[in-house]
Amino acid sequence: MDSIGAVAERRPLLRHRLSQAARSDRRAYLFLLPWFAGFFGLTAGPTLASLYLSFTNFDLVQSPRWIGAANYIRIATSDVNFGAAMKVTFLYVALAVPLKLAFALAVAMALNKGIKGLPLYRAIFYLPSLLGASVAIAVLWRTLFSGDGLVNKVLALVGIHGPSWISDPDYAIYTLVLLSIWQFGSPMIIFLAGLRQIPRDVYEAASLEGASRWRQFRRITLPLLTPVVFFNAIVQTIDAFKAFTPAFIISEGTGGPVRATLFYTLYLYLEAFAYFRMGYAAALAWILVIIIALFTAFSFLTARYWVHYDE
Amino acid sequence: MSDAVAQRLAMQRAAPPRWRALASHAALSAASLVMLYPLLWMLASSFKPENEIFGSISLWPSHFDTGAYLRGWTGLKINFGHFFWNSLIISLLCVVGNVVSCSLTAFAFARLRFRGKNFWFALMLGTLMLPYHVTLIPQYILFLNLDWVDTILPLVVPKYLATDAFFIFLMVQFFRGIPRELDEAAMMDGCSPWRIYRKIILPLSLPVLATAAIFTFIFTWDDFFAPLVYLNDMGSYTVQLGLRAFVDSSGKSDWGALFAMSVLALVPILFFFLFFQRLLIEGVATTGLKR
Amino acid sequence: MARHLVGRRKLLTAGLGGLALASAGFPAFAPARAEDKRLRMFWWGAKDRADRTFKVNALYAAHNPGVTIDGETLGWGDYWPRLATQTAGRNAPDILQMDYRYIFEYARRGALLPLDEYMPSLLNIADFGKDAIDSGRVDGKVYGVSLGLNSTALLYSKTAFEAAGLKPPTVETSWADYAALFAELTKATKKEGFWGSADGGGSETALEVWLRQHGKALYDKDGKLGFGAAEAAEWLALWDDMRKRKACVPADVQALDRGSYDSSMIALGKAATAFEHSNLLVTFQTLTKDKLAMTMYPQGGSGAKPGQYLKPSQMLSVYARTKFAPEAARIVNFFVEDPEAAKILSVERGVPASAMMRKLITPELNELDQQSIVYISMVSERVGPLPAPPPNGAGEIQRTLRRVNEEVGFARQTPSAAGKQFVDEAKSILERG
């Protein structure tokens with residue numbers, strides 16, 4: 001009796017809930033309309049096409065020829081460049097991402113204070129990022145980091161005889177890491193925007209209670225900034241895995257010296273456009289997607305322990 | 001402790017002593033120099049005689065030669081100003097598209113409840129992960145079938161359809177930082193999601209919207225691969241494509257003109273940045289929320 | 001006529017309300033509606049070449065009412081991805097500039113139009129001579145028309161030799177002489193950070209010349225590797241020895257050269273030579289204050305075969321799916337056989353293959369340009385036959401050579417081990433195609 005009564009009672013509630021869910025679905029999808037149009041109209045097709053191409057032999061001119069998993073098998077078993085490119089890329093991600101983020105956060109904090117001339121400093125610090133990956137950067141990096149470049153001239157003043165950083169296979173990758181750190185403007189601006197959204201009164205309250213600067217940072221700034229830190233970490237990691245232009249510009253597509261700057265996407269690009277193996281390049285790309293997706297999924301899993309949303 | 005004393009103490013702590021401000025300036029100026037050196041070098045190179053550009057790290061040309069600017073501006077078949085105009089149009093259109101479409105999408109992901117949310121969100125993030133080199137050709141064929149090649153449509157229309165997952169994700173993170181009590185209260189008052197989006201979320205998100213605007217402008221301005229593939233006619237070249245017309249690794253290049261125009265190409269993005277970063281700051285005033 | 005991207009007024013009315021985009025008519029984007037023939041031409045090169053080419057296109061249009069040639073131009077590095085993309089989209093330009101390396105890749109995959117059926121009616125290049133015509137042949141058919149004759153050339157700094165009081169290399173200099181001469185130049189120059197020669201060990205053209213002098217080839221006529229591990233090892237050892245004798249730059253200096261001319265050793269002031277092609281003398285001269293001259297690559301010594309050969313610096317090809325094949329052939333003909341066009345183009349793309357055009361333009365050339373004509377006619381008597389076309393995968397092998405030479409230079413491998421590895425890798429690349 002009791003249970004029947006409960007069901008009878010629950011039914012209209014359920015229907016009500018369902019219709020409410022449907023209504024909120026409809027509302028949300030209305031907001032998502034442009035995105036759905038873009039996703040299904042522009043993104044999904046080419047993405048699926050590239051997945052299909054990864055199972056073919058496609059030389060860009062003749063029609064693609066289905067070859068099953070042969071591309072993937074070759075990558076897994078006999079591709080020496082794949083291993084080299086993986087090593088370079090992982091090293092780059094492991095170094096460039098944390099350093100760039102730490103630097104960007106530190107500068108953003110420094111620039112978030114009431115110092116005179118802030119807009120100017122902000123613009124100056126952002127300038128290198130504005131330059132993007134222009135040819136000028138390639139020429140500049142060479143003049144800075146070659147054997148008799150500016151860096152070594154400065155080092156010579158303190159008695160250090162530096163190598164030719166940019167053209168030595170042992171060091172070349174670090175000049176690219178440095179380039180990435182130097183162009184820290186984007187995450188810095190995002191950190192700044194994040195800092196701007198932290199309401200002042202929170203600090204005022206903390207100040208009154210006599211909190212030290214470090215304590216303020218640890219207890220207020222950092223927790224409130226975690227969504228932005230999380231964003232920057234994810235996006236920078238994805239970007240670093242996909243890094244193409246720095247190596248392409250600096251090494252002019254050679255990936256040299258030896259294989260020291262053969263970034264994964266540079267290798268993929270060479271396969272696709274220099275050696276006419278678009279099918280193979282597509283397979284390489286999808287393996288990269290899987291690796292990045294694993295990283296990202298892992299980050300989202302850990303996020304619940306350290307990212308604080310106001311919810 | 002009386003209120004007045006507490007206030008004075010707080011003020012002392014808030015206003016840093018003079019030496020501290022000086023030290024900050026010194027550190028920031030020194031850092032600025034490192035950041036600026038490349039730009040100064042580029043500026044110097046644009047005034048150097050051609051054969052002095054390479055192998056010299058000097059910031060001072062042996063004699064000033066402004067010829068590069070003239071050669072750069074008028075040297076190509078089409079006046080360089082034309083490229084600036086093209087880049088400006090494309091970039092501005094992209095800014096509007098990205099800010100509008102990505103904020104709509106981000107609002108749905110950050111604030112609305114709907115079935116399949118996690119699934120779509122994961123897909124959206126997934127689009128960030130695929131290197132564009134392998135979707136380039138299918139996409140080209142798609143736009144070719146739409147008869148959009150050799151127009152700016154392939155560069156601009158996608159921005160109106162929220163294809164830039166970077167910005168969606170960015171905005172989602174910021175929208176989630178806005179206190180929920182605000183829209184819950186509004187919801188109680190019978191506000192529609194649209195009104196919440198317009199009246200609460202957008203006004204409180206000026207910093208992130210400004211960020212998105214700045215980035216879109218700069219990314220579009222600096223982008224060169226999409227214009228490379230989709231704009232064939234020199235009359236529709238962007239600045240980045242125009243710049244590369246001076247240098248050819250297989251023939252005679254005009255490096256001076258390249259550096260001169262590279263310097264000029266920085267000017268619009270710098271202005272855009274300086275203008276919009278004011279919004280970054282104004283954001284503070286409007287975000288003075290009570291929690 | 002340059003099409004404008006967007007009419008300015010139109011844009012103002014359209015405003016920034018992006019949605020207007022879809023509805024607002026953008027007349028500038030509409031394809032040409034007129035009945036006239038509108039052809040697209042695509043080439044790589046910098047400003048100077050663009051100026052000349054646009055001028056010739058305009059001239060052709062003036063002579064042929066109803067025909068318009070839309071020129072598209074990019075630098076070498078950007079040219080190939082765009083061409084590949086357009087070809088994949090079956091939207092390649094009607095007339096395109098081709099490189100000797102890529103013509104086989106494109107022609108064999110069916111992207112280019114054989115021009116034999118228009119010869120000589122529309123395309124009359126009989127005065128090129130057999131060799132120059134054949135240089136555009138792939139598997140028996142003509143797919144490319146030479147825009148300029150070219151041969152490998154050792155560019156060197158006259159200034160450096162004068163300063164050191166040494167005699168520059170000549171067409172008699174052997175590889176052994178070369179090593180000795182440049183070791184001496186390094187010593188005599190006494191400048192820190194300067195070595196006599198650039199490191200040519202990673203240069204495919206240098207290796208090819210050396211192999212041919214030894215009676216071998218880079219690739220045989222079946223597209224197989226034309227040499228073995230022993231030759232590769234000997235070549236790598238030759239350069240390793242020069243590095244040790246300080247005749248050429250060390251590996252970490254050579255690695256600054258990324259393949260672009262501005263990063264070449266001679267442009268950076270690190271060495272006095274460049275293993276290049278004869279049409280590049282003018283280009284390199286703009287990159288250095290030194291006075292440059294050129295001679296042939298070192299010789300194989302007595303009894304050796306000629307190593308060098310004449311090849312097209314670049315060619316014009318016609319897209320297989322063009323709608324205007326006869327017109328395209330006529331335009332190609334205009335570029336290589338019309339006196340007015342020849343005067344405009346001059347030797348910017350290399351010495352004209354047409355004997356008539358060459359004679360016509362020679363008197364008007366400046367000293368530097370004259371040098372390349374003199375060089376080509378001098379070399380003509382010392383060259384061997386055109387080698388068999390490079391097989392698919394040649395581009396990857398070229399990069400592999402560079403890497404292997406670096407591995408020897410950085411002492412990661414001995415020349416003999418590296419030689420064997422190079423041959424193994426090259427073979428597996430060729431198998432893959």
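Q: Take strand pairing. Which residue is the bridge partner of C:Leu154 in strand 10 of chain C?
A: In general, strands of a sheet pair through backbone hydrogen bonds, either parallel or antiparallel. Here, in this predicted model, C:Leu154 has C:Thr295 as its bridge partner in strand 10 of chain C.

Q: In which sense do strand 8 and strand 10 of chain C pair, and over how many bridges?
A: The sense is antiparallel. Strand 8 of chain C spans residues 152-157, and four bridges join it to strand 10 of chain C.

Q: What is the strand order of the open sheet in chain C?
A: The order is 9-8-10, three strands with antiparallel pairing. Strand 9 (273-277) and strand 10 (292-295) of chain C are the edge strands, each pairing on one side only. From one strand to the next, the twist averages 35 degrees.

Q: Now a loop. Where is C:Leu280 placed?
A: Look between strand 9 and helix 13 (281-285) of chain C: C:Leu280 sits in that loop.

Q: Is C:Leu280 buried or exposed?
A: Count neighbours. A residue is buried if 20 or more other C-beta atoms lie within 10 Å of its own. C:Leu280 has 23 within 10 Å, so C:Leu280 is buried.

Q: Which residues touch the most other members of the largest nonpolar core?
A: They are B:Ile168, B:Met171 and C:Val332, in a core of 308 residues. Helix 4 of chain B (residues 80-111) gives the largest share of this core, 16 residues.

Q: What is B:Met171 in contact with, leaving aside its neighbours within four places in sequence?
A: The contacts of B:Met171 are then B:Cys102, B:Ser103, B:Ala106, B:Val208 and B:Ala212.

Q: On to interfaces. How many residues of chain A are in contact with chain B?
A: Count each side separately. Chain A gives 74 residues and chain B gives 78. On the chain A side, helix 2 (residues 33-53) of chain A supplies the largest share, twelve residues. That side divides into 51 nonpolar, 15 polar and eight charged residues.

Q: How many residues of chain A are in contact with chain C?
A: Here 26 residues of chain A meet 28 residues of chain C. Helix 6 (135-145) and helix 13 (264-274) of chain A are the elements giving two or more residues to the chain A side. The division on that side is eleven nonpolar, nine polar and six charged.

How values were computed: Residues numbered from 1 in each chain as written. Chains lettered and ligands numbered in written order. Predicted model: local features only at pLDDT ≥ 70, side-chain atom pairs only at ≥ 80, totals over all residues. Contact = placed C-beta atoms within 7 Å. Nonpolar A, V, L, I, M, F, W, Y, C, P; charged D, E, K, R; others polar. Core = buried A, V, L, I, M, F, W, Y, C linked by C-beta atoms within 7 Å. Buried ≥ 20, exposed ≤ 12 C-beta atoms within 10 Å, placed from the backbone. Pairing = 2+ DSSP bridges. Axes fitted to C-alpha atoms, helices over the stretch in contact; angles between N-to-C directions.
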